[in-house]
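Thank you for asking me to look through this model. My notes follow as numbered points, to be read with the structure open beside them.

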Amino acid sequence: MLRFDLVSPEQKLLSDDVAMVTLPGSEGDFSVLPGHAPMISSLRVGFIDVYEKESHGPARRILVSGGIVEVQAGRCTALAEDAVPLAEIDQDALQSDLQRASAKLSLAEAAEKPAIEAQIALLTRKLEVLALAAGQGH
Amino acid sequence: MPSLKDLKVRIESVKSTRKITSAMKMVAASKFRRAQEQAEATRPYAEAMAHIMAALTSSLGEGTEGPRLLTGTGRRDTILLVVVTSDRGLCGAFNSQVVREALREIRALEAEGSTVKIICAGRKGRDLLRREHGGKIVGFYDDIARGGISFAEARMIAEPLLDMFEKGEFDKAVIIYNRFKNVLTQIVASRQLVPVPVPEARRDGAEAPALYEYEPDEGKILSDLLPRNVGVQVYRALLESAAGEQGARMTAMDNATRNAGDMIDRLTLQYNRARQAYITKEMIEIVTGAEAV
């Protein structure tokens with residue numbers, strides 16, 4: 001079994017023995033099985049899929065907006081500031097956040113713009129990833 | 001000699017003060033427990049982060065040019081102090097001891113010829129530093145601890161700070177805060193934020209650093225990780241300070257409650273003596289009146 005920990009600065013979100021984890025690496029998705037070679041990778045916006053048994057579909061899908069992951073003998077630790085399980089994601093809330101941010105952008109002062117643009121980019125990306133996941137029939 | 005009525009009024013007023021201080025103590029105690037839990041909860045993240053940092057920096061090797069956040073600007077001309085205090089008072093020496101350390105630091109740095117800039121997280125720190133060093137305050141945040149501290153609040157402080165560093169507005173940043181030891185003691189600690197201190201490689205030999213594969217390369221991951229690390233350091237300082245604040249308030253309010261109790265005892269004694277003296281006086285008057293008849 002593989003020990004998988006998902007931690008945010010605020011709390012330990014997940015700590016479980018699992019069969020496999022699929023992570024959205026910044027250079028492409030990859031899966032970690034027990035005995036994976038040690039590696040460190042950064043993450044992009046996407047889903048962390050946790051498989052409790054290899055033959056079944058993912059038991060948990062968690063949307064992260066970037067982070068970092070460390071794999072070493074028998075354990076895999078993902079650090080993510082922002083991680084929400086798929087079941088708890090409120091798409092409408094994301095949409096309205098996006099609209100609010102877009103509205104704010106036109107009024108914002110020049111100094112504030114980059115931060116708001118980054119927020120918009122992140123929200124857009126999240127929605128894209130969600131739409132993709134919905135399309136795959138998960 | 002105060003009259004009986006005066007004494008009675010004073011006793012009542014001290015009693016209501018005691019009610020307030022003991023309620024504040026209770027509130028602080030419950031907030032304290034939450035703050036402490038929060039401070040504990042961030043440990044797994046911080047430890048994993050330190051572990052990755054150690055692996056990365058050791059494999060970066062000699063001679064390679066690391067990101068500026070790690071190597072620094074090579075100068076020490078402008079130092080940024082982040083002073084973490086509370087927004088509210090009535091917590092003993094909690095704020096003044098941080099400010100005292102900040103003032104000492106400012107004096108020492110200025111004696112060396114460095115320029116000092118200050119960011120205040122917490123109203124009390126700004127109030128106390130403003131008179132002497134008002135012109136040096138470049139940032140101020142308040143109401144951080146209201147309704148619990150989330151990582152977003154730490155980012156609110158860390159991101160502008162990183163921006164300032166990018167623009168070359170300072171060479172080194174240090175955060176000064178109350179490190180929580182236990183309810184009775186908070187120790188003033190200062191920790192370097194920028195350049196990010198390189199974690200000491202473990203020399204006990206028990207855990208040789210594994211050879212990691214990096215995806216993308218070390219430099220890219222590091223430049224992604226370092227800003228996060230600054231955020232986490234700020235976050236931890238805020239949490240420790242919040243836990244310390246409530247601890248300090250608990251102790252201060254406990255003392256205040258006890259002092260109020262002592263004062264009530266003393267005033268009650270005085271009141272009873274005065275009452276007795278008054279009764280004795282009246283009786284003497286009656287007796288002498290009766291004898292005269």
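This is a predicted model: local features need pLDDT of at least 70, side-chain atom pairs count only at pLDDT 80 or more; totals for chains, interfaces and linings use all residues.

1. In β6(A), which residue is the bridge partner of A:S42? The partner of A:S42 in β6(A) is A:I68. This pair belongs to the antiparallel pairing of β5(A) and β6(A) (residues 60–72), which extends over 11 bridges; strands here are DSSP E runs of at least two residues, helices are H or I runs of at least four, and both are numbered from the N terminus. Two strands are said to pair if DSSP finds at least two bridges between them.

2. Residues are numbered from 1 along each chain as its sequence is written, and chains are lettered from A and ligands numbered from 1 in the order in which they are written.

3. With β7(A) (residues 75–79) it runs antiparallel and is joined by 5 bridges, A:V69 having A:A78 as its bridge partner. The hairpin of β6(A) and β7(A) has 2 residues between the strands, and A:G74 takes a positive phi near 75° there. β8(A) (residues 83–85) also runs antiparallel to β6(A), through 3 bridges, and in β8(A) the bridge partner of A:I62 is A:P85.

4. The strand β5(A) (residues 39–51) also reaches across to chain B, where it pairs with β6(B) in the parallel sense over 3 bridges; A:S41 has B:E215 as its bridge partner. Across the interface, 24 residues of chain B are in contact with 21 residues of chain A, contact meaning that C-beta atoms placed from the backbone lie within 7 Å. On the side of chain B that touches chain A, at least two residues each come from α2 (43–60), β6 (213–215) and α7 (218–292) of chain B, and α2(B) gives the most, with 8 residues. That side of chain B divides into 18 nonpolar, 3 polar and 3 charged residues, where Ala, Val, Leu, Ile, Met, Phe, Trp, Tyr, Cys and Pro count as nonpolar, Asp, Glu, Lys and Arg as charged, and the others, Gly among them, as polar.

5. α2(B) and α7(B) also pack on each other, at an angle of about 145° with their axes 10 Å apart; axes are lines fitted to C-alpha atoms, for helices over the stretch in contact, and angles run from 0 to 180 degrees between N-to-C directions. Among the residues making this contact are B:M49 and B:L56 of α2(B) and B:L222 and B:L225 of α7(B).

6. Chain B has an open sheet of 5 strands in the order β3-β2-β1-β4-β5, with mixed pairing. Because β3 (137–141) and β5 (186–194) of chain B stand at the edges with a single partner strand each, one side of each is left without a neighbour in the sheet. Within this sheet β1(B) (residues 78–84) and β4(B) (residues 172–180) pair in the parallel sense over 5 bridges, and B:L81 stands opposite B:V174.

7. Finally, B:V84 deserves a look. Leaving aside its neighbours within four places in sequence, B:V84 is in contact with residues including B:V98, B:A121, B:I176 and B:L238.

Terms used:
Two residues are in contact if their C-beta atoms, placed from the backbone, lie within 7 Å.
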